[in-house]
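Here's a quick tour of the model you have open. We'll go from the overall surface and fold down to a few side chains.

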Amino acid sequence: IGFKKKSSRQILDVSQCHIATDRINSKLAEYREDKFKEALEGRLRRPKKGATLLLRDSLRYNENDDNSEDEPIVETDPNIYVKTKVKDLTFRFLAGNFFQNNPYMLPVMVDHVVQGAIQLNSAGNRMTHLIDCYCGSGLFCLSASKDFDVCVGIEVNEKAVEEAQVNADINNISNCKFVAASAEAIFMSKDPVEVVTTDASGNEYLTSTLVKNFPKDTSVVVIDPPRKGCSVEFLEQLFSFGPARIVYMSCDPATQARDTESIVDAGYSLTSIQPFDLFPQTRHIESLIIFEKDSN
């Protein structure tokens, strides 16, 4: 039980992982002992194409009691719902679905994304609308929601969109809407974003606006695409919409650099770059770039 060797199909046996949590290593030891016992007794079936072992360090999710105590667990079933805390928010998600798994760096990364999104625009006005593309289960959208009037997240994974909406409900957030579609569809959507917003006096009211009609000078688009980066079609629609700010988080700086060239050519200036080492002792990093639309 371990990892594949680089450029090889051989498995390098790993008895513990030095950058994993103590709970994960403890669960791994239990799992290894169980599998070795099955092998000795002739009960272990070796998958033809190998198998992936899930060890998700999280909190137990009790569907019937959202206020239950936070019980730490290591879940191995990808189809079980778990939850985690990021700052003051609770996120529920399927253990096998994607969710950033470095609990120490994640709040720092979220803070940088939110702070980059909410800073005043070039005219000194606050940003009012946030569009979160590739939103997953709503991490960035929900974390920034208290600083915006209207937030909309789009994600191609329907299960993740369901999770995002549940997370909004769990955290009593009413000004976010989540859409199951490809990122390319968000700016052309004919479905209005209907959310409940609260004014400065604390009064709640329903707003209904098409994304393409969001005020461009106070709108920010958060992008967190897969490793392949943004498609040409998405970037074309993004530039056509022309938000005042683009906040681009990437798990592959190479494709982010490729997209950066297109973004700059479209009339944006790169104002900051911040890498995050979520996976110590590996070549993988997350990279955050903030772009501002040129005033001319």
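Accessible areas here come from the Shrake-Rupley method with a 1.4 Å probe, and for residues only the protein chains shown count as cover. On that basis the protein chain exposes about 16700 Å², with carbon and sulfur atoms supplying 49% of it.

A word on where the numbers come from. This is a predicted model, so local features need pLDDT of at least 70 and side-chain atom pairs count only at pLDDT 80 or more, while totals for chains, interfaces and linings use all residues. Residues are numbered from 1 along each chain as its sequence is written, and side-chain values use heavy atoms, with hydrogens and water left out.

**Overall build**

The protein chain has six helices and 15 strands; these are DSSP runs numbered from the N terminus, with helices being H or I of at least four residues and strands being E of at least two. Along its principal axes the C-alpha trace spans about 70 × 45 × 30 Å.

Buried residues make up 43% of the 296 residues, where buried means under 20% relative accessible area, exposed means over 50%, and partly exposed is in between (1.4 Å probe, protein chains only). Taking contacts (heavy atoms within 4.5 Å) with a separation of 6 or more, 58% are between residues 24 or more positions apart.

**Salt bridges**

Count a salt bridge whenever a side-chain nitrogen of Lys or Arg sits within 4 Å of a carboxyl oxygen of Asp or Glu, and you get eleven. The table lists some of them.

| Pair | N to O distance |
|---|---|
| Arg43 and Glu41 | 2.7 Å |
| Asp111 and Lys87 | 3.3 Å |
| Arg126 and Asp149 | 3.4 Å |

The Asp111 and Lys87 pair links distant parts of the chain: Asp111 is in helix 2 (residues 106–118), Lys87 is in the loop between strand 5 and strand 6, and they are 24 residues apart. Asp111 is partly exposed at 32% relative accessibility. Lys87 has another feature to look at: its phi is near 60°, a positive value in a residue other than glycine.

Arg126 and Asp149 also form a salt bridge, and this pair too links distant parts of the chain, 23 residues apart, with Arg126 in the loop between helix 2 and strand 7 and Asp149 in the loop between helix 3 and strand 8 (150–155). Arg126 is partly exposed at 41%, and Asp149 is partly exposed at 25%. Salt bridges that share partners also join Asp70, Lys83 and Lys85 into one network.

As for Arg43 and Glu41, Arg43 is partly exposed at 47% and Glu41 is partly exposed at 45%.

**Cysteines and a tyrosine**

How many disulfides are there? With a disulfide taken as a pair of cysteine sulfur atoms within 2.5 Å, the count is zero. Cys141 is in no disulfide, and its nearest cysteine sulfur, that of Cys176, is 4.0 Å away. Cys141 is buried, at 0% relative accessibility. Cys251 is in no disulfide either, with the sulfur of Cys230 the nearest at 11 Å; Cys251 is buried at 17%.

Finally, look at Tyr134, in the loop between strand 7 (129–133) and helix 3 (139–144). Tyr134 has a positive phi near 60° and counts as buried at 18% relative accessibility.
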